[in-house]
Every structure is written in structure tokens, then in C-alpha cells.
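Here are my notes for you, written as numbered points. Keep the model open while you read, and click on each residue as it comes up.

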Amino acid sequence: MAYVQVPKDLTEIKTKIVFNLTKRQLICFSIAIAVGVPVYFLARQLNDSLAAIIMVIVMLPFFLLAMYRKDGRPLEKILKDIITQKYLRPGIRVYRTANLYRLLEEEEEYDNGNKGSRQKSPKNNKSKR
């Protein structure tokens with residue numbers, strides 16, 4: 001008797017539409033073909049092999065968008081998170097507080113410094129006596 005393995009997590013199973021591809025993959029591959037084929041025919045004037053390389057380079061991002069998944073997340077969500085983290089949000093946020101004790105100490109040192117200078121001057125010594 002034949003047995004079939006049934007995965008425990010059924011959320012990972014994607015419905016296949018045509019050619020064993022998901023709807024997302026069909027859309028991305030269609031866009032890649034719609035962009036890549038005209039680029040090939042325009043670049044064929046240079047050289048056939050160079051035109052094929054250019055076509056592959058132009059189509060590669062669409063293939064990556066269709067196929068790449070990491071931890072169940074598609075590539076555009078990963079790229080959005082990277083761009084948000086690197087460029088849109090500030091880097092290291094340092095926790096800084098206003099140290100009131102330091103301000104009081106500086107004020108006290110300033111006052112003590114001024115009193116000491118007043119006592120040394122002859123005018124202040126006469127007025128205090």
C-alpha cells in the first residue's frame with residue numbers, strides 16, 4: 001500500500017495554477033518576459049551573446065522576486081525592512097539624560113571660584129570687614 005507524506009503545517013503549501021507555478025510566480029515571470037524580450041531585441045544590435053547577458057541581468061530581479069523566500073517572507077518585504085533599518089530610521093540611539101547633579105556641581109564650583117577671587121582682591125576684603 002502506498003503512503004503519502006502530509007505536512008503538519010498546511011500554511012506553507014501554496015496553490016499552483018499553471019505549469020506548477022503559483023500566481024505570484026506567474027505574474028513575476030510574465031513581467032520579466034515583458035521587460036526582458038524587448039531589451040534583448042534592442043540590444044541585439046550590439047552582439048547576440050552580449051544581448052543575452054543584458055537580458056538575463058534585466059530579468060534577474062523579477063526572477064528573484066518570484067522565487068526567493070527567507071523565513072516565509074518574500075524578497076520585497078525583506079528589502080523594505082533593510083531600507084527602513086538602514087536609511088529611514090536613525091542608527092544607534094543613545095540614551096542621554098540631563099544630569100542635574102553635574103549642573104549643580106558646576107554652578108557650585110563657579111560660585112566658589114568667584115568667591116575665592118573676591119576674597120583675594122583688596123576691594124572685596126575691605127567691604128567684608
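1. Start with D71, which is exposed, with a relative accessible area of 73%. (Buried means under 20% relative accessible area, exposed means over 50%, and partly exposed is in between, using a 1.4 Å probe and protein chains only.) D71 sits in the loop between β1 (69-70) and β2 (73-74). Take a look at its backbone too: phi of D71 is near 55 degrees, a positive value in a residue other than glycine.

2. A word on what you're looking at: this is a predicted model, where local features need pLDDT of at least 70, side-chain atom pairs count only at pLDDT 80 or more, and totals for chains, interfaces and linings use all residues. Residues are numbered from 1 along each chain as its sequence is written, and side-chain values use heavy atoms, with hydrogens and water left out.

3. Now the overall layout. The protein has five helices and two strands, and from the N terminus on they come in the order α-α-β-β-α-α-α. (Helices are DSSP runs of H or I with at least four residues, strands are runs of E with at least two, and both are numbered from the N terminus.)

4. Next, the totals. The protein has 129 residues, and 12% of them count as buried. Among contacts with a separation of 6 or more, 38% are between residues 24 or more positions apart. (Contact means heavy atoms within 4.5 Å.)

5. Is A32 buried or exposed? At 0% relative accessibility, A32 counts as buried. A32 lies in helix α1 and touches M59, F62 and F63, leaving aside residues up to four places away in sequence. Look at F62 in particular: A32 and F62 are 30 residues apart along the chain, yet their C-alpha atoms are separated by 5.5 Å.

6. Helix α1 also holds Q25. Q25 is buried as well, with a relative accessible area of 13%. Not counting residues up to four places away in sequence, Q25 touches A66 and M67.

7. Those three residues turn up again in the largest pocket, whose lining is K14, T15, K16, T22, K23, R24, Q25, A66, M67 and R69. The elements giving two or more residues to that lining are α1 (23-43) and α2 (48-67), and the largest share, three residues, comes from α1. The pocket's volume is about 170 Å³. (On a 1 Å grid over the protein atoms alone, a pocket is an open set of points where a 1.4 Å probe fits, with protein on both sides within 12 Å along at least five of seven lines; lining residues have an atom within 4 Å of a point. Grid points are joined across faces, edges and corners, and the volume is the space filled by probe spheres set on the points.)

8. What kinds of residues make up that lining? They divide into two nonpolar, three polar and five charged. (Ala, Val, Leu, Ile, Met, Phe, Trp, Tyr, Cys and Pro count as nonpolar, Asp, Glu, Lys and Arg as charged, and the others, Gly among them, as polar.)

9. On to charge pairs. Side chains of opposite charge can pair when their charged atoms come close. How many salt bridges does the structure hold? There are three. (A salt bridge is a side-chain nitrogen of Lys or Arg within 4 Å of a carboxyl oxygen of Asp or Glu.)

10. One of them joins E76 and R24, at 2.6 Å from N to O. This pair links distant parts of the chain, with E76 in helix α3 (residues 75-88) and R24 in helix α1, 52 residues apart. E76 is partly exposed at 34%, and R24 is partly exposed at 29%.

11. Another is D81 with R73, where the closest N and O atoms are 2.2 Å apart. D81 is partly exposed, with a relative accessible area of 34%, and R73 is partly exposed at 33%.

12. Finally, E106 forms a salt bridge with R102, with the closest N and O atoms 2.9 Å apart. E106 and R102 are four residues apart in helix α4 (residues 100-120), so about one helical turn separates them. E106 is partly exposed at 41%, and R102 is partly exposed at 43%.
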